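Keep the 3D view open as you read.

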Amino acid sequence: MFYFLMDLLGTVAFAISGVLVAMDKRLDLFGVLIIAFVTAVGGGTLRDLLIGNTPVAWMLESTYIITIIGTVILAIIFREKLRYLRKSLFLFDTLGIGLYTMVGIEKGLNANLLPVMCIILGTVTASFGGVIRDILCNEIPVIFRKEIYDTACVIGGLSYFLLRKLPLGDEYIYFASILIVIGIRLVAVKYKIALPGIYKTA
């Protein structure tokens, strides 16, 4: 139940980030719903396909669809308040990758994958919904830029497996790893920390 709730929180966070991007692109109501949907479940869908967990989670549990539709409606109703929070897209996206990284790792552990594969699965879960969102909205996906994004997921995943060696409860380790992902992303953006480019500037 705990992990399911974390999954739903991630769904809400990414659905809101999808709504914000779609509204910035001035899409119609159907377009907003589609972008919110693919942002929320795109990474999880790819994750489930990779581990052969089909039908994928959102097709088996209607709670995901209801949650996304409800989130879209509320986000549209309170869109002015969300826009007032100038960094709301960044905040919801950051919260989403923190939650979804750990959801993906948990799925990998349940599938008896090696830790490195679990970390990859967590990173895929956290980032590929945003990749699909950005591609559909004609943007360069953030993971292909120099920003610290996937790197935060990887470090958070590594931290999770290191923390498991300590005498801590599973929930504490889970929350600590989520906070590590979120913290790294926040610090990287605040202090403009980025991965080095491989090209020369003019």
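What follows covers a cavity and then a nonpolar patch.

## About the model

This is a predicted model, where local features need pLDDT of at least 70, side-chain atom pairs count only at pLDDT 80 or more, and totals for chains, interfaces and linings use all residues. Residues are numbered from 1 along each chain as its sequence is written, and side-chain values use heavy atoms, with hydrogens and water left out.

## The cavity

There's one cavity of 30 Å³ or more here (a set of points on a 1 Å grid over the protein atoms alone where a 1.4 Å probe fits but cannot get out). The largest cavity holds about 90 Å³ of space, counted as the space filled by probe spheres set on the points.

Lining residues (those with an atom within 4 Å of a point) include Asp7, Thr11, Trp58, Tyr64 and Tyr100. Helices α1 (2-24), α2 (29-50) and α3 (57-60) each give two or more residues to this lining, and α2 gives the most, with six. Helices here are DSSP runs (H or I, at least four residues), numbered from the N terminus.

## The nonpolar patch

Helix α4 (residues 62-77) brings the largest share, four residues. Leu33 sits in helix α2, and Leu33 counts as partly exposed because its relative accessibility is 31% (buried is under 20%, exposed over 50%, partly exposed in between).

How values were computed:
1 Å grid on protein atoms, 1.4 Å probe; cavity = no way out; pocket = protein on both sides within 12 Å on 5 of 7 lines; lining within 4 Å. Buried < 20%, exposed > 50% of the residue type's maximum accessible area, 1.4 Å probe, protein only.
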